[in-house]
Amino acid sequence: MDAELPYSLSNVADLPGHEDRAWNVAWNPVKPILASCSADKNVRIYAYTEDLRFKHLDSIPTGHAKTVRSVAWAPSGQTLATASFDANIGVWEKESEVDEAGIDQGEWECISTLEGHETECKSVAYSCNGTYLASCSRDKTVWIWEVLPDAEFETVSVLMEHSQDVKCVAWHPTEEILASASYDDTIKLYIEDPSDDWFCFTTLSGHSSTVWSIAWSPVGGYLASGSDDKTVRIWRRIAEHKWECVLVLTGHDRSVYSVSWGPGKDDKRKGKEGEHLGWLATTGGDGKVMIWEVEEPTVKEGETPSMSKPPDHRLVACLNAAHDVHDVNSVVWCPRKGYEDLLATTGDDGHTKVWKIAPSA
Amino acid sequence: MSTRGEIFNPNPVVFSTAKSAGRRSDLSPHSLWINDDSGSDSEVEDKIEPIDQDEVFDLIRSIYDPEHPNTLEELRVVSSPQIAIGSNHVKVEFTPTVPHCGMSTLIGLCIRVRLLRSLPERYKVDIYVKPGSHQSEHAVNKQLNDKERVAAALENPVLLDTVEQCLSNVRGNNPLAP
């Protein structure tokens with residue numbers, strides 16, 4: 001850790017258990033649990049208390065024939081989706097069966113298997129209202145499924161806009177806009193037209209290699225992307241359907257595998273000039289976790305606000321070797337109120353680790 | 001993957017091999033670099049002995065070409081000067097025998113798997129075709145260095161089996177020869 005930076009990341013939990021690399025981790029948006037998934041084909045669920053004690057709660061032997069690459073919780077917190085290299089998506093719910101001791105004895109059950117992709121499924125994500133589930137694959141497509149009652153899913157769109165493997169999908173936090181990131185080095189954004197057909201309304205180019213991960217800013221209006229080209233780009237919405245790259249962050253020595261944008265948690269920031277856009281966490285093959293504070297550009301007296309000024313940004317924390325010598329594959333801020341300073345990571349060592357960001361001593 | 005009967009380079013040039021430097025040449029495919037039983041011993045040992053390019057070459061020289069009963073060393077696909085090594089990083093450049101070689105991705109994958117199984121965990125490995133040696137150089141390099149694509153490829157049982165055969169060090173055991 002760099003002692004000169006204003007914040008530090010301290011380890012809160014180290015959760016081993018996967019027998020092979022862990023690819024992805026996701027915090028339940030409502031309940032105090034989180035899920036990790038792995039090449040060992042399992043999902044591990046961990047529970048935590050308010051005083052941040054973490055323990056392993058459940059293992060789901062998913063029955064996927066290959067690696068489970070990605071997990072995503074529905075906004076209700078009731079449902080979990082898994083994306084696998086076997087090309088399928090699993091949808092899981094747990095029946096609550098709380099016994100006399102207050103312990104939930106329910107089992108995780110697969111309530112639906114979504115088939116359609118022709119090759120490995122890489123990512124899955126629920127829209128902000130839980131209405132849609134998006135998935136993507138090496139088959140170059142992005143699928144949008146409508147989530148219906150009684151574990152029914154209807155394919156609403158199969159989008160074939162990318163020219164290569166699609167690595168990641170992410171929904172806007174408040175609007176129904178979908179982003180996809182691809183091996184073709186671009187990001188595409190999709191919305192519904194007036195006749196409810198989904199289409200790609202813009203392509204964001206600029207990265208010089210595969211885009212591995214995308215994350216929307218919590219306040220909307222910005223998108224961050226991490227790429228094989230070792231950079232993180234910030235894109236700003238300059239018109240309803242127009243986005244442009246306003247910042248390129250360097251610092252990683254190898255591919256950036258994951259980015260996550262959280263609202264940040266810091267009372268000191270109140271009253272500061274410039275709208276605080278939160279904290280962007282980035283990580284990848286160099287094993288580092290970097291935290292960037294991003295703000296709307298400050299406008300000096302006498303200056304007109306210029307839409308083309310990049311956001312103010314600074315590196316506020318940097319953690320080396322988060323998973324020792326291993327690649328870190330995923331970093332995610334906790335979405336729950338009161339826990340905005342918690343971060344989870346998973347890596348090639350099969351561990352899930354939880355970190356807390358705090359001002360440096 | 002090549003179809004039956006179509007060999008990309010029917011007449012490869014075969015070179016004589018240099019004598020092995022006497023290092024461990026009998027590694028089984030799944031062994032760690034240091035042939036000790038306990039993981040902790042190997043950690044101590046590899047802190048003492050940094051690995052050099054000749055040792056990396058020793059690991060990959062006897063990988064079999066998928067199409068011919070010759071090793072990558074014999075076909076000059078790999079050579080010691082084409083390996084760069086830092087304290088935590090290895091870069092291997094390999095030269096396909098012909099510019100349109102469709103086996104290049106497979107050869108690169110074999111090199112990667114051999115090194116993955118043999119080098120200490122701290123090593124990041126980058127594998128590239130020698131610049132100018134392949135007509136789809138960028139595409140081949142991109143696939144070989146995409147961790148997710150490599151992982152998914154190795155979950156394909158047919159492909160994994162082909163890789164294992166190239167790595168099995170048995171002369172004459174050629175998976176794709178007619």
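**Figure 1. Lys230(A) counts as partly exposed, at 40% relative accessibility.** Buried stands for under 20% relative accessible area, exposed for over 50% and partly exposed for values in between (1.4 Å probe, protein chains only). The model is predicted: local features require pLDDT of at least 70 and side-chain atom pairs pLDDT 80 or more, whereas totals for chains, interfaces and linings use all residues. Residues are numbered from 1 along each chain as its sequence is written, chains are lettered from A and ligands numbered from 1 in the order in which they are written, and side-chain values use heavy atoms, without hydrogens and water. Lys230(A) sits in the loop that joins strand E19 (222-227) to strand E20 (232-239) of chain A. Helices (H or I, at least four residues) and strands (E, at least two) are DSSP runs numbered from the N terminus. Although Lys230(A) is not a glycine, its phi is positive, at about 75°.

**Figure 2. Asp324(A) is a non-glycine residue with a positive phi of about 55°.** Its loop lies between strand E25 (312-319) and E26 of chain A. The relative accessibility of Asp324(A) is 52%, so this residue counts as exposed.

**Figure 3. Ser112(A) belongs to strand E9 (residues 108-114) of chain A.** With a relative accessibility of 13%, Ser112(A) counts as buried. Leaving aside residues up to four places away in sequence, Ser112(A) touches Ile89(A), Gly90(A), Val91(A), Ala151(A) and Phe153(A); a contact here means heavy atoms within 4.5 Å.

Figure 4. UniProt positions follow the numbering used here, feature names are shortened, and annotations may be inferred rather than shown by experiment. Residues 15-46 of chain A are 56% strand and 0% helix, with 8 Å between the end C-alpha atoms. Residues 114-147 of chain A are likewise 56% strand and 0% helix, with the end C-alpha atoms 11 Å apart.

**Figure 5. The second largest pocket holds about 1300 Å³ of space.** On a 1 Å grid over the protein atoms alone, a pocket is an open set of points with protein on both sides within 12 Å along at least five of seven lines, a cavity is a set where a 1.4 Å probe fits but cannot get out, and lining residues have an atom within 4 Å of a point. Points are joined across faces, edges and corners, and the volume is the space filled by probe spheres set on them. Of the 50 residues that line the second largest pocket, Ala170(A), Trp171(A), Ser260(A), Val332(A) and Pro335(A) lie nearest its centre. Two or more lining residues come from each of the chain A strands E2 (22-27), E6 (68-73), E10 (121-126), E14 (166-171), E18 (211-216), E22 (256-262) and E26 (328-333). E22(A) gives the largest share, six residues. The lining comprises 33 nonpolar, 11 polar and six charged residues; Ala, Val, Leu, Ile, Met, Phe, Trp, Tyr, Cys and Pro count as nonpolar, Asp, Glu, Lys and Arg as charged, and the others, Gly among them, as polar.

**Figure 6. The largest pocket has a volume of about 1600 Å³.** Its lining of 50 residues includes, closest to the centre, Arg21(A), Asp348(A), Arg112(B), Leu116(B) and Lys147(B). In chain B, helix H3 (104-118), strand E3 (124-129), helix H4 (137-144) and helix H5 (147-153) each supply at least two lining residues. H3(B) gives the most, with five residues. By class, the lining of the largest pocket contains 20 charged, 19 nonpolar and 11 polar residues.

**Figure 7. Helix H2 (residues 53-60) of chain B is largely enclosed by the rest of the structure, because six of its eight residues are buried.** These buried residues are Glu55(B), Val56(B), Phe57(B), Asp58(B), Leu59(B) and Ile60(B). Their cover includes strand E1 (83-85), strand E2 (89-94) and H3 of chain B.

**Figure 8. Chain B contains six helices and three strands.** Along the sequence these elements follow the pattern α-α-β-β-α-β-α-α-α. Of the 178 residues of chain B, 49% count as buried. Among the chain B contacts with a separation of 6 or more, 68% join residues 24 or more positions apart. The unreviewed UniProt entry annotates residues 54-125 of chain B as "domain: MIP18 family-like". That span is 31% helix and 15% strand, and its end C-alpha atoms lie 16 Å apart.
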